[in-house]
Amino acid sequence: MKALVVDDSALARNIIASTLEEVGITEVDLAKDGTESIELVQSNRYDIIFMDWNMPVMQGIEAVKEIRHQGITTPIIMVTGLGDEFHVKEAIGAGVNNYLIKPFKAETAIEKIKETLKTVEV
Amino acid sequence: MKTPIENIVKTKLKEIATCGTNSHQSIKAEIINPFIESAENLFQTMFSSPIKKENPNLQTRLEPTLDIISLIGLSGAFQGIVSMSFPIKTSLNMVSYLYGKDIVVVDSTVIDAVAEFVNVLAGGAQSKLNKILNEPIELSIPTVIRGNQFSIEYPMMAKWIEIPFTSNLGQFVIRVTVKNPNMVGGILS
């Protein structure tokens, strides 16, 4: 399986990549903003995408809309500190499959990953 | 008849309750407490460390009492700025803990991490504030300043509340200022 992790923070990318390793996903591409993520999804096939919301250049929510606009159906988990209902609803409306609120414990992230991949398999 | 000490305590409590001497410039507990709760959650979740809140202070400008400061702006229903300040030692302890190796100099890894800390802190507080205000609040991109040769003043944001904390990884300080501090009521707990 192959994952894309999009976050302007190297620390956040590192934490998510480590969590992915725990579920056996070792092939991970990294992007620093929404624009980079769109370029990567156009030339790669991913099984899951982790998208931060608050990033420079292009916000995560805009990247999600663009990815879905391009017809790419890869499951996306929004990983952000913005855990209020306004942002959750907006993300779901834009095509996000799951929502992980920072800060998170590894076990919470693993649960979300499994939950998301299971939903897609069904 | 109250004793002088009782009067001093009463005055101090009143100051803390309104975070200022002027009601127009006060910062209410319902605004500040979400940042304190968010800091507790951040340290417990990321560092398995409890934190201890020290006595809050009021400042009229943001001055660098510690070595590294990360700032983030909040806009929308709530307009203000939040900062986290760290001594170098605390920042190195925190980043070393997360990367699982000793990091001994402040480099781009540390700067990146302290920006993420204030982002997560503000995000957690934002979520709680949204429940009170029932309107969206947005965050800016964090900024990190290293060094102590600066001062930031905001004429529209007359007061900064400064809350020092201690943790297993060292001390740190959170500062918050808001443009319209009277938008919600409450008492600082």
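Start your tour by selecting chain B and chain A together, where 12 residue pairs make polar contact across the interface, both partners having pLDDT 80 or more. Keep in mind as you look around that this is a predicted model.

**Stop 1: the chain B side of the interface**

Hide chain A for a moment and colour the part of chain B that touches chain A. Four elements of chain B each bring at least two residues to this side: helix 2 (29-47), helix 3 (88-99), helix 4 (108-133) and strand 5 (137-139). Which of the elements gives the most? Helix 4 of chain B does, with 11 residues. If you colour by residue type, this side of chain B shows 12 nonpolar, 12 polar and four charged residues.

**Stop 2: both sides together**

Now bring chain A back. The contact involves 21 residues from chain A and 28 residues from chain B. Between them the two chains bury about 1,800 Å², and carbon and sulfur atoms give 59% of that area. Next, select B:T45, B:E116 and B:I141: these supply 26% of the area that chain B buries against chain A, more than any other three residues.

**Stop 3: a salt bridge**

How many salt bridges does the rule find across the interface of chain B and chain A? The count is one.

**Stop 4: two backbone details**

From A:K102, step along to A:P103. The peptide bond joining A:K102 and A:P103 is cis, with omega at about -5°. You will find A:P103 in the loop between strand 5 (98-101) and helix 5 of chain A.

Then jump over to B:S48 in chain B. B:S48 is a residue other than glycine with a positive phi, near 50°. To place it, look at the loop between helix 2 and strand 1 (51-53) of chain B, where B:S48 sits.

**Stop 5: the largest pocket**

Rolling a probe the size of a water molecule over the atoms shows where empty space is left. The largest pocket has a volume of about 370 Å³. Its lining is made up of 20 residues, and those nearest the centre are A:I15, A:T19, A:F104, A:A106 and B:L98. Select those five to centre your view.

Both chains take part in this lining: helix 1 (10-22) and helix 5 (106-121) of chain A, along with helix 2 and helix 4 of chain B, each supply at least two residues. Helix 1 of chain A gives the most, with eight residues. By type, the lining of the largest pocket divides into 11 nonpolar, five charged and four polar residues.

**Stop 6: a cavity to finish**

How many cavities of 30 Å³ or more does the rule count? There is one. The largest cavity holds about 40 Å³ of space. To see what surrounds it, select A:D52, A:N54, A:T80, A:G81 and A:L82 together with B:N119 and B:L139, the residues of its lining. Coloured by type, the lining of the largest cavity shows four polar, two nonpolar and one charged residue.

How values were computed:
Residues are numbered from 1 along each chain as its sequence is written. Chains are lettered from A and ligands numbered from 1 in the order in which they are written. This is a predicted model: local features need pLDDT of at least 70, side-chain atom pairs count only at pLDDT 80 or more; totals for chains, interfaces and linings use all residues. Side-chain values use heavy atoms; hydrogens and water are left out. Contact means heavy atoms within 4.5 Å. Buried area is the accessible area (1.4 Å probe) that two parts lose on being put together, summed over both. A salt bridge is a side-chain nitrogen of Lys or Arg within 4 Å of a carboxyl oxygen of Asp or Glu. A polar contact is a pair of N or O atoms within 3.5 Å; within protein, one must be able to donate a hydrogen and the other to accept it, and residues adjacent in sequence count only if both atoms are side-chain atoms. Ala, Val, Leu, Ile, Met, Phe, Trp, Tyr, Cys and Pro count as nonpolar, Asp, Glu, Lys and Arg as charged, and the others, Gly among them, as polar. On a 1 Å grid over the protein atoms alone, a cavity is a set of points where a 1.4 Å probe fits but cannot get out, and a pocket is an open set with protein on both sides within 12 Å along at least five of seven lines; lining residues have an atom within 4 Å of a point. Grid points are joined across faces, edges and corners, and a volume is the space filled by probe spheres set on the points.
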